[in-house]
Amino acid sequence: MTDLLVIGASGLLGEHLLADAKRRRLDAVGTYAGDPVNGLIPLNLSDLVAAVTLVRDRHPKTVLLPAAMTGVDACESHPDQAQLVNADAPREIAKACHTLGIRLVFFSTDYVFDGRRGPFNERRRPQPLNVYGRTKLAGERNVLAAHPEALVVRTSANFGWGRARKKTNSVTWILELLRRRQPVPLFTDQRVSPSYAPAAARTAFDLLDRRATGIFHVATRSYPTRFEMGLEICDVFGLEKGLLKAARLAEAELRARRPSDSSLDVGKVERFLDKRSPTFREALEDMRDTE
Ligand SMILES: NC(=O)c1ccc[n+]([C@@H]2O[C@H](COP(=O)([O-])OP(=O)(O)OC[C@H]3O[C@@H](n4cnc5c(N)ncnc54)[C@H](OP(=O)(O)O)[C@@H]3O)[C@@H](O)[C@H]2O)c1
């Protein structure tokens, strides 16, 4: 019997979840949706029947579901597709998992919040500003309604080394531009709590080991603005700070609205696991040392 199915193992978080599973010597399989990735099996969540069939056929002990339509502006342009992938597919997967006695972890986002008065703890009322946030919140609610023992892990501005895909993330795009000696526009009025993918993956397994259910915020314990993220990256990687250009979210012409402070309070997970979350700087130092 398969121990674990990671739906979306080609993504940044999924890749680290699968790597952690292998380190734990679990019999794990993962899926991709775009270009084929060696060792992974295809699954597009737009096909709800295929998603449920895969869960039934593999019948793992646990399903991890980091797969999502993560492009915030793409979700705004294609709301029906975002609803299907981020909300409807998780509901069908949760129903199947509940019926078959399979544990489920659904990964969600800080963008369920409106960004007024962060950091947000798990008791704060979500109020998304965009289609991405609304569909992910619907996904959370669908999952917990269909499978009350499911675990929902919210992360923010995910970052880390991603080997499966060339896609950049909240830190690697800054690093890439700086290393090419190109200017990097960064918001001084948007605050997040960046989630380090390897640490978030480890925490998800720790929560599973401790039989956690319900919603947990998993991130670094820092709340930098995007510009402050750039400064810290320059410090840790020894890069030129002069290339960082202050920009303002309030003046940016983006298709989807973004919260100005969606940082996450990680007190609950720290108390539950009796373990301090890394700071953003500690996570960057780990990235530097593992490049
Ligand atoms: N990215 C962020 O900054 C961020 C911030 C907060 C929360 N989150 C949440 O964290 C989770 C993981 O995100 P990530 O950072 O790992 O994102 P990512 O690198 O963009 O990975 C997304 C994953 O979803 C898969 N996927 C996309 N569309 C799919 C579809 N139609 N059917 C099946 N799979 C599909 C992708 O597969 P392919 O690569 O094969 O297309 C990939 O494996 C998501 O639930 C996201 O909402 C992300």
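Colleague: At what angle do α1 and α7 pack?
Modeller: Helix α1 (residues 12–23) and helix α7 (residues 197–209) pack at about 55°, and their axes are 8 Å apart. Axes here are lines fitted to C-alpha atoms, for helices over the stretch in contact, with angles from 0 to 180 degrees between N-to-C directions. Helices (H or I, at least four residues) and strands (E, at least two) are DSSP runs, numbered from the N terminus. Bear in mind that this is a predicted model: local features need pLDDT of at least 70, side-chain atom pairs count only at pLDDT 80 or more, and totals for chains, interfaces and linings use all residues. Residues are numbered from 1 along each chain as its sequence is written.

Colleague: Which residues of α1 and α7 make the contact?
Modeller: From α1 there are L12, L13, H16, L17 and D20, and from α7 A197, P198, A200, A201, R202, A204 and F205. Contact means that C-beta atoms, placed from the backbone, lie within 7 Å. Nine of the contact residues are nonpolar, one is polar and two are charged. Nonpolar covers Ala, Val, Leu, Ile, Met, Phe, Trp, Tyr, Cys and Pro; charged covers Asp, Glu, Lys and Arg; the others, Gly among them, are polar.

Colleague: Switching to the sheet, what's the strand order?
Modeller: Seven strands make an open sheet, β3-β2-β1-β4-β5-β6-β8, with parallel pairing. Pairing takes at least two DSSP bridges between two strands. β3 (41–42) and β8 (214–217) are the edge strands, each pairing on one side only.

Colleague: And how many bridges link β4 and β5?
Modeller: Four, in the parallel sense, between β4 (residues 62–65) and β5 (residues 103–109). V63 has L104 of β5 as its bridge partner. Helix α4 (residues 79–100) packs on the sheet there, touching β4 and β5, and its direction makes about 170° with that of β4.

Colleague: OK, the ligand. Which residues are closest?
Modeller: G11, A33, G34, L45 and T109 are the closest of the 30 residues that surround the ligand. For that shell, a residue's C-beta atom, placed from the backbone, has to lie within 6 Å of the molecule. α1 gives the most, three residues. The shell divides into 13 nonpolar, 13 polar and four charged residues.

Definitions and conventions
Contact = placed C-beta atoms within 7 Å.
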